[in-house]
Amino acid sequence: MARLPEGALMQRAAAGLAAACAALLAGRGPVPAVRPGRGPGVYGARVVLLVGAGGNGGDALYAGARLARRGAGVAALLLAPGKAHRGGLTALAAAGGEIIETAEETATDPAYAAHWHHVERMLTRADLVVDGITGLGGRGGLRTGAARLAHAAEADKVPVVAVDLPSGIDADTGEVHGPAVTADLTVTFGTHKPGLLVDPAREHAGTVRLIDIGLDLPGPAAAEALQHADVAALLPRPAPESDKYRRGVVGICAGSARYPGAAVLCVHGALRTGAGAVRYAGPGDQAVVARFPETLVSSGLPSEAGRVQAWVVGPGLGEDEEAGRRVADVLAQDVPVLVDADGLRFLDRDRLRARTAPTLLTPHAGEAARLLGVEREHVEAARLTSVRRLASEYGATVLLKGSTTLVAAPDESMPVRVNATGTPWLATAGSGDVLSGVAGSLLAAGLSARDAASAGAYLHGLAARHAADGAPVDAQDVAGALPAAWRDVKRG
């Protein structure tokens with residue numbers, strides 16, 4: 001801001017915001033944006049701006065002025081009339097926009113009941129609502145008046161565009177501590193904010209569109225999301241002189257008499273992700289070899305199975321003494337180890353931190369809560385904080401499964417990785433067993449724990465998209481679609 005003329009960044013943001021709103025009104029956005037009986041476009045559209053005291057309110061006002069000059073009927077509801085952006089107000093008034101003082105402190109005053117009823121009706125009749133209530137500095141949920149307006153728009157399914165981020169979410173953590181705007185489209189500026197990538201806040205953001213306004217960003221980032229090219233660069237590729245051992249042998253200690261399917265699914269994921277060979281050690285050996293005869297099976301302890309480059313331990317292993325013995329046997333080996341599901345029950349924090357080889361933990365929210373000694377609801381509400389804490393306390397890389405998959409390294413200076421693929425159809429029995437096999441195979445191929453977890457989650461989510469195509473899938477479908485996901489990534 002010091003290097004540019006005053007207001008330059010805001011004008012760039014407003015131009016991008018107005019263009020996104022115009023595209024949505026013309027039917028080129030993430031939701032149907034016009035009411036029945038009225039043709040698409042900006043001219044004649046009814047746009048309501050929710051304007052707070054910060055810069056996001058200024059962005060909304062300037063964008064509203066641009067839309068008004070193109071023929072939209074624009075009204076700005078000022079929740080903090082004395083603190084609204086002066087230049088933005090002047091621009092909107094000059095463009096013919098309507099400015100209505102709707103001060104937050106009057107929301108519960110009976111003397112203003114008719115006024116609030118009027119502005120709520122304006123929202124329900126609008127073609128588009130622009131959320132410029134709070135900005136990056138906002139903390140906690142929306143106050144009463146703002147929450148009323150957000151609810152009125154949401155209840156009548158009016159398309160909502162959030163300026164930079166939905167008001168009421170925490171930009172830095174992805175946490176939501178009270179009422180928050182639920183947007184159909186978030187137009188964010190300069191860079192993505194962690195809260196736009198991490199649940200529960202991500203669910204409030206809708207489709208996110210990034211507008212470059214010329215910022216030079218400081219580093220390092222708090223979070224990052226890999227794209228196809230990033231993952232393609234990580235995936236192993238066999239050389240002409242490769243053999244099955246050079247490509248990586250992954251050991252799998254999973255399954256039990258009660259859950260033999262976990263072993264089969266884990267092996268399936270590993271074989272479909274390029275492992276040169278899979279060694280299986282456990283009581284599910286007959287089920288595994290019947291389904292995948294190429295697997296090298298044994299029923300003894302993992303340390304007796306032969307040489308491997310990495311181990312996966314835990315899926316479907318059970319909770320008895322024998323399961324604990326197998327987990328301890330795997331963790332005693334000086335190779336990278338992925339611990340999932342039942343294996344997480346037998347972790348000793350101090351022994352884990354003393355390992356010299358990398359360890360990758362892959363808990364869901366309930367398992368993470370048990371490891372941290374907190375309630376599951378705490379992990380789900382503070383996913384970014386929880387995955388960082390887990391990685392730090394256990395000295396391991398952690399892949400936290402869930403609606404947003406997060407990968408954190410024990411080195412706190414490294415950005416948390418947020419997986420951008422996946423589908424709600426992945427919430428199916430056995431899909432986590434497949435993911436363990438996928439990430440374990442990549443560990444055996446030589447990827448770091450952080451890269452194996454990140455690329456594994458990316459491929460796993462992408463495979464689920466390929467398999468589902470809008471319909472339910474099971475874990476075997478996901479494993480079977482891994483080659484298609486791999487090819488998709490390599491094609492870019």
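In this predicted model, helix α8 passes helix α15 in a right-handed crossing. The residues of α8 that make the contact are Ala262, Leu265, Cys266, Gly269 and Ala270, and they meet Asp433, Val434, Ser436, Gly437, Val438 and Ser441 of α15. Sorted by class, this contact of α8 with α15 comprises six nonpolar, four polar and one charged residues. Helix α8 spans residues 260–271 and helix α15 spans residues 431–444; their axes lie 6 Å apart, and the packing angle is about 40 degrees.

A second pair of helices is formed by α12 (residues 365–372) and α14 (residues 383–394), whose axes come within 11 Å and cross at roughly 50 degrees. The pair α12 and α14 is therefore oblique as well. The crossing of α12 and α14 is left-handed. On the α12 side the contact involves Ala368, Leu371 and Leu372, while α14 contributes Ser386, Arg389, Leu390, Glu393 and Tyr394. The contact of α12 with α14 contains five nonpolar, one polar and two charged residues.

The interior may be considered next. In soluble globular proteins, nonpolar side chains tend to be buried together. The largest nonpolar core of this model has 53 residues, and Leu235, Ile252, Leu360 and Val489 are those with the most contacts inside it. Helix α16 (residues 449–468) gives the most to this core, namely 11 residues. When residues up to four places away in sequence are not counted, Ile252 touches Cys266, Val267, Ala270, Val278, Arg279, Tyr280, Ala281, Trp311 and Val312. Among these partners of Ile252 are Cys266 and Ala270, which also belong to the α8 side of the contact with α15.

Where does Ala275 lie? Ala275 is found in the loop between α8 and β10 (277–281). Is Ala275 buried or exposed? Its relative accessibility is 9%, and the limit for a buried residue is under 20%, so Ala275 counts as buried. Leaving aside neighbours within four places in sequence, Ala275 is in contact with Arg247, Gly248, Val250, Ala270 and Ser441. Of these partners, Ala270 and Ser441 also take part in the contact between α8 and α15. The C-alpha atoms of Ala275 and Val438 are separated by 8.9 Å, although the two residues are 163 residues apart along the chain.

Key
Residues numbered from 1 in each chain as written. Predicted model: local features only at pLDDT ≥ 70, side-chain atom pairs only at ≥ 80, totals over all residues. Heavy atoms only, no water. Axes fitted to C-alpha atoms, helices over the stretch in contact; angles between N-to-C directions. Helix = DSSP H or I, 4+ residues; strand = E, 2+ residues; numbered from the N terminus. Left-handed = near helix turned anticlockwise from the far one by under 90°. Contact = heavy atoms within 4.5 Å. Nonpolar A, V, L, I, M, F, W, Y, C, P; charged D, E, K, R; others polar. Core = buried A, V, L, I, M, F, W, Y, C linked by side-chain atoms within 4.5 Å. Buried < 20%, exposed > 50% of the residue type's maximum accessible area, 1.4 Å probe, protein only. Parallel < 35°, antiparallel > 145°, perpendicular 65-115°, else oblique.
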